[in-house]
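Hi everyone, thanks for making time today.

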Amino acid sequence: MELHFAADAPPLAALAAAKIADVPLKVVNQDQPAGSPPTLLLPNGERLRGAYVLLRHVGRIASLPFFYGQDACQSSKIDEWVEYAPIFGSGSEFEGACSSVNEHLLQNTFLVGNSFSIADVAIWAGLAGAGLRWESLRKSKKYPNLVRWFNSISAEHDAVLGEFVATYLSKKGSAKAVTSKLKESQASNSRSTAVENGDHVTEAASSRPALEVDLPYAEVGKVKLRFAPEPSGYLHIGHSKAALLNQYFADRYKGQLIVRFDDTNPDKESSEFVDNLLKDIETLGIKYNAVTYTSDYFPKLMEMAEKLIGEGKAYVDDTPREKMQHERMEGIESSCRNNSVEENFKLWKEMIAGSDRGLMCCVRGKLNMQDPNKSLRDPVYYRCNLTPHHRIGSKYKVYPTYDFCCPFVDSFEGITHALRSSEYHDRNDQYYRIQTDMGFRKVHIYEFSRLNMVYTLLSKRKLLWFVQNGKVESWDDPRFPTVQGIVRRGLKIEALIQFILEQGASKNLNLMEWDKLWAINKKIIDPVCPRYTAVIEERRVLLILTDGPKDPFVRILAKHKKYEGAGEKAVTYSNRLWIDYADAESISVNEEVTLKDWGNAIVMEIKKDENGIVTQLVGVLHLEGNVKKTKLKLTWLADTTELVKLTLLDFDYLITKKKLEEDEDFVDVVNPCTRKETLALGESDMRNLKRGDVMQLERKRYYRCDVPFVRPSKPIVLFAIPDGKQQSVA
């Protein structure tokens, strides 16, 4: 396709969209008369005219998922934004447009739906094309949501937008700034591995951002993936990586995503876990096409087990468990391995009945007991379990293992790519061998590294221990790495998604720091969360202003000086003020201090008890004083009956060691002190907080409201949110 346009009016949005979507546009000439619309000559000889007509055409023919919307409604919304974009070329309306988009992006990652589209390209190009005017606003932090969104697009598509900026925006004064931002945000190289029939295909993402990862052997429109959690706990941060990568590839290749519950162990599973896993999946914004259960396939799985027994590819073994484990390690064949098919079926029926004889047996695949890869040494396919299943009750006494049902159900459901963490690498050969024995087609395995966090246990068995032993309140405890736990602690899902997707699909094993995740979170909450004042109750000190207002008065102040959307609050001023003890003991007689949101005061007298503990300060207002020259800027609360009680809770890691060794017992490193409670007083406006509200207590920490105001005698409970700096409750 040949593109013609006037040199002074390149169709920026269409050019940027084509670069991002890898749609070939050949710029033939830039010599069209000034004021003439850009023209695109199609291969069939037809012509399209108009900057945004060209942009829509690129959106329609691009292979990027949902680039022009997921449905007709989204496409119409995208059209609205495309038609709105020219407003950024209007000098008088530029800031109003910035404010409008900034407000929209407060609750949205993209302009339309949950996917990047030409709507985002149109507005991004409008801002980038505004030159130094946009750059000055971007540095002012006046529109934090808009800046976050703009920078995110610049970072994700830096490889192609760098060239675009240098070519078409250099004369507008913004090229240097935007290109600099792209280079700062450029993702490091990542390597990811696909496994095809046991052979490894390594992909180097040398010059692309970490998110632009290809799925080998994938065809647009034909990809089908599954996210298959076991309903034996809540979704944690490690599962989130798998879920989001599946979503990413499903979107990229316009494919399908199934949520499948691997419910084959009734001892560990429950409907509670199913319900909460679905809740967590929804929280992550995962869009799936269907929910299935491995238990839906139990009849077919039993038929397959009987088929393999009949073909001599599986056998029933009554070897005691410990002996069986020893034989597998040593490569010793079981004495039952060569039993007749008739004997195997006889014992299989005992297993189905759940008889005493059957309970002694299991079904094993007859693979290769001498294989160096121990996962191929006759793995267990079926075992007995008399515990009722949470969905189907006591109908079955035998249940398939994960090793048996996973290759079966993946193939049966038409899964094209099975995403598995690299910890399963040694089992890939087993997966393919079992599919071969079953007579099924091969499913491509795509490996990625498991997400490991410092001072964190991700084993559901170990997390369950903390719940059962009362070390935490529940699965949504703010000390837990579950999605519900970290959200309750104060993490924004947007931060979690950004953190995980920045890791890409790398196969390299990494031990990640929590600080990085919380630092991302801080960048999201700081520009918008309201500010409040609190005073620690213990040993708080009264500051009496002898010339202060005897009759308290109220002023209406902004909750966030740089973000109007945070709202306003009523602040009481009085001649009696509470301040923190830590501030009081650092003040000297005749020192001038600044009372935040009021002005300066001079402390004339410091009263102490017999132990030298400061009990009271006496001072006078000096409102004409220079606030820039004072050393101490004090937060304070007027001594009124309207103050609310607060309980501030801070948390530490559940274990005291960064990383456990394989043979190390986690119980030995359980942290004895993981919760610190501090009582405080807060300003009266805090009684309007709702559960889940995030705020900053000035000169203290960021907090999330867990228990809002109910009555004066019951404190508001706030959870401290880490801010990316290592902190301990000790």
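Let me start with one term: a residue is buried when its relative accessible area is under 20%. And please keep in mind that what you see is a predicted model.

With that term in hand, go to strand β26, residues 614–621. How many of its eight residues are buried? Six of them are, so the strand is largely enclosed by the rest of the structure.

Who are its partners? Strand β20, residues 541–545, runs parallel to β26, and four bridges join the two. To find that pairing on screen, look for leucine 545, which stands opposite glycine 619 of β26. Strand β25, residues 599–608, pairs with β26 as well, this time in the antiparallel sense and over seven bridges. Here lysine 607 has glutamine 616 in β26 as its bridge partner. β25 and β26 form a hairpin with five residues between the strands, and glycine 612 in that hairpin takes a positive phi near 80 degrees.

The largest nonpolar core has 58 residues, and Trp124, Leu127, Trp149 and Phe164 are the ones with the most contacts inside it. Helices α1 through α8 each supply at least two residues of this core, including α1 at 12–21 and α8 at 158–168. There is also a second, separate core of 49 residues, with Ala242, Phe261, Ile281 and Leu458 among its members. As general background, nonpolar side chains in soluble globular proteins tend to be buried together.

Let's zoom in on one helix pair, α4 and α6. Their axes are 12 Å apart and the helices pack at an angle of about 45 degrees, which makes them oblique to each other. The crossing is right-handed. On the α4 side you'll see Phe94, Glu95 and Cys98, and they meet Arg133, Trp134 and Leu137 from α6.

My last stop is leucine 643, in the loop between β28 and β29. Is leucine 643 buried or exposed? Its relative accessibility is 19%, so leucine 643 counts as buried. Beyond its neighbours within four places in sequence, leucine 643 is in contact with several residues, among them Trp578, Leu681 and Arg687. Serine 684 is 41 residues away from leucine 643 along the chain, yet their C-alpha atoms are separated by 4.9 Å.

Key. Residues numbered from 1 in each chain as written. Predicted model: local features only at pLDDT ≥ 70, side-chain atom pairs only at ≥ 80, totals over all residues. Heavy atoms only, no water. Buried < 20%, exposed > 50% of the residue type's maximum accessible area, 1.4 Å probe, protein only. Pairing = 2+ DSSP bridges. Core = buried A, V, L, I, M, F, W, Y, C linked by side-chain atoms within 4.5 Å. Contact = heavy atoms within 4.5 Å. Axes fitted to C-alpha atoms, helices over the stretch in contact; angles between N-to-C directions. Parallel < 35°, antiparallel > 145°, perpendicular 65-115°, else oblique. Left-handed = near helix turned anticlockwise from the far one by under 90°.
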